[in-house]
There are 4 protein chains.
Amino acid sequence: MTGFIPQSPDFEDRVHVSFAGQTFMETIGARITRLEPGIVDLTLEKRADLCQQHGYIHAGVTTALLDSAAGYAAFSLFKPGEEVLTTEFKVNLLRPAKGAFLVAEGRVVKPGKTLTVCRSDVYAHQGGEDVLVATALLSMIAVKTPAV
Amino acid sequence: MTGFIPQSPDFEDRVHVSFAGQTFMETIGARITRLEPGIVDLTLEKRADLCQQHGYIHAGVTTALLDSAAGYAAFSLFKPGEEVLTTEFKVNLLRPAKGAFLVAEGRVVKPGKTLTVCRSDVYAHQGGEDVLVATALLSMIAVKTPAV
Amino acid sequence: MTGFIPQSPDFEDRVHVSFAGQTFMETIGARITRLEPGIVDLTLEKRADLCQQHGYIHAGVTTALLDSAAGYAAFSLFKPGEEVLTTEFKVNLLRPAKGAFLVAEGRVVKPGKTLTVCRSDVYAHQGGEDVLVATALLSMIAVKTPAV
Amino acid sequence: MTGFIPQSPDFEDRVHVSFAGQTFMETIGARITRLEPGIVDLTLEKRADLCQQHGYIHAGVTTALLDSAAGYAAFSLFKPGEEVLTTEFKVNLLRPAKGAFLVAEGRVVKPGKTLTVCRSDVYAHQGGEDVLVATALLSMIAVKTPAV
């Protein structure tokens, strides 16, 4: 329970439908593992084709994951007819993304009519414990129609 | 010509070898299209499996590209025995990444013994012109050995 | 000439009136030294009461200056009846702000109906040359009435 | 209690001495109101000379406060002989800084030998309650001697 009141009664369906439309999330194997108003967790298993030069998960994968987690956390609070776009984000990469899988925890910090500010933390599962590998602040904008 | 003096005589080989070790760059189809001291361009063609829900290139792909471009721009100035890691970055997504391909221009703003600050701009090739779709500031750190 | 077309014929007056209302700019001694559509430079002289512990200009002063320069660069392109607020910014502090005075160069990167993205570079005048001491990316929002 | 172990037995004195050397903190009336290993709160009363054009505390003051709070939170964990410099930070300004006083809560997220990552949240005291007006992520670097 976050205390946030969703503005779309079918917010869960809306998130799942939009997420399913992101081919890149399927390409990297990300899936939704938690979905509540203002809260989305995404989980991704390590794969040999997602790595950087030292064999850890690539920072580009980590940031794609944390961006989508925060975007859908924001989108879960949007009104019917509104779409979500990331306008900007900042990420601090704290440790190498070692481990068997990553979980990105997207959370709404402040909802707004136009801009919604989120944070997103990424944990790597390493030998039985979850280690914080990245933390981010992000701004999401509600747009009336998809930007075409 | 950037005026930067590379500290490794074989900086081009070093960049190509490290880049080739990033399986994720191969997964998304990124390739090096310019390499000079303090300068790296990466180019990526649009593919159906790299998209967000409106059919444009996913912001996660755009940021993976701009991060690697800046990282290798920094790495091109590093000394032998030094590796590069991104410590943090911030990206403003200015327009949807429409178009047939993206070019990320990574540039060193200020080299340093420990930290190197870069910027990275991403252009989308749309109907004969290059449109700025993202701009970023990034910090890269030189580490003596790969973070294992 | 920036190619930006101001939407308010009296944009210069609007900037000067709003700037004069910022008591904090007077407190730190900042003044407008360049004003064109999408462009604002602010200049500030070093004073003993604006320093950090090593006797250089405090990063808080540097960032206040670069934020206001960018904010008024954006505001110069706004429509009548619109006010400006900073929604977020990111600054890289590249070198200590040594020198007799600072100039912050605020520039619009991408104007927009709601959000305007700017960059802002701060130069310190040191022994006859201008040294880049900070670079920033910023988002400005146009609001219909002052946020009261 | 944060679980962080200070590396300097006199960390409290070191913070107070360094803070007292920042003339700008005195200029804006900031003072330390909490100091523990990895934790620093700074408090500042609203004054008429610290405002923006709508009469609220200027974003430049808010960011100076949150930057110093985080910087000293990091510095509290540094070893003897080390100084602190901010290398970069990102702030989201969530609401106008209305109210009688501000408290910036600087917290270490991840200490490091070279870089320490912090967050800093600023609350405005408005009519009996504390409202989050800004949130930031910051990188601090330990340097052996003051950058002169």
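In what order do the strands of the open sheet of 12 strands run? Let's find out by clicking through the structure, keeping in mind that this is a predicted model.

**Stop 1**

Select the strands of chains C and D. The order in this open sheet is S1(C)-S2(C)-S4(C)-S5(C)-S6(C)-S3(C)-S3(D)-S6(D)-S5(D)-S4(D)-S2(D)-S1(D), and the pairing is antiparallel. As a bit of background, strands of a sheet pair through backbone hydrogen bonds, either parallel or antiparallel.

Now colour strand S1 (31-36) of chain C and strand S1 (31-36) of chain D. These two stand at the edges with a single partner strand each, so each has one side without a neighbour in the sheet. Turn the view and follow the twist, which averages 25° from one strand to the next.

**Stop 2: inside chain C**

Pick residues 83-93 and 129-143 of chain C. These are strands S3 and S6, which run antiparallel and are joined by 10 bridges. Click on Lys90(C): standing opposite, in S6(C), is Leu137(C).

**Stop 3**

Jump to S1(D) and strand S2 (residues 39-45) of chain D. Five bridges join this antiparallel pair. Show Arg34(D) and you'll find its bridge partner in S2(D), Asp41(D). The hairpin of S1(D) and S2(D) has two residues between the strands, and Gly38(D) in this hairpin takes a positive phi near 85°.

Stay on Asp41(D) and look towards S4(D), where its bridge partner is Glu105(D). S2(D) and S4(D) run antiparallel, with seven bridges joining them.

**Stop 4: where A meets B**

Hide C and D for a moment and show chains A and B. How many residues does each chain bring to this contact? Chain A gives 33 residues and chain B gives 33 residues. On the chain A side, helix H2 (23-28), helix H3 (59-75) and strand S3 (83-93) are the elements that give two or more residues. S3(A) has the largest share, with eight residues. Colour this side of chain A by class and you'll get 14 nonpolar, 15 polar and four charged residues.

Zoom in on S3(A) and strand S3 (residues 83-93) of chain B. They run antiparallel, joined by five bridges. To see one pair, select Phe89(A) and its bridge partner in S3(B), Val91(B).

**Stop 5: where D meets A**

Bring chain D back and show it with chain A. This contact takes nine residues from chain D and nine residues from chain A. On the chain D side, strand S3 (83-93), strand S4 (101-110) and strand S6 (129-143) each supply at least two residues, and S6(D) gives the most, with three residues. By class, this side of chain D has four nonpolar, three polar and two charged residues.

A rotation of 180° with 0.0 Å of shift along its axis does it, with an RMSD of 0.0 Å. The two copies are thus related as by a two-fold rotation axis. The same surface serves both copies, as 100% of the contact residues of chain D recur in chain A.

Key: Residues are numbered from 1 along each chain as its sequence is written. Chains are lettered from A and ligands numbered from 1 in the order in which they are written. This is a predicted model: local features need pLDDT of at least 70, side-chain atom pairs count only at pLDDT 80 or more; totals for chains, interfaces and linings use all residues. Two residues are in contact if their C-beta atoms, placed from the backbone, lie within 7 Å. Helices (H or I, at least four residues) and strands (E, at least two) are DSSP runs, numbered from the N terminus. Ala, Val, Leu, Ile, Met, Phe, Trp, Tyr, Cys and Pro count as nonpolar, Asp, Glu, Lys and Arg as charged, and the others, Gly among them, as polar. Two strands pair if DSSP finds at least two bridges between them. Axes are lines fitted to C-alpha atoms, for helices over the stretch in contact, and angles run from 0 to 180 degrees between N-to-C directions. Copies are superposed by least squares on the C-alpha atoms of residues with pLDDT of at least 70 in both.
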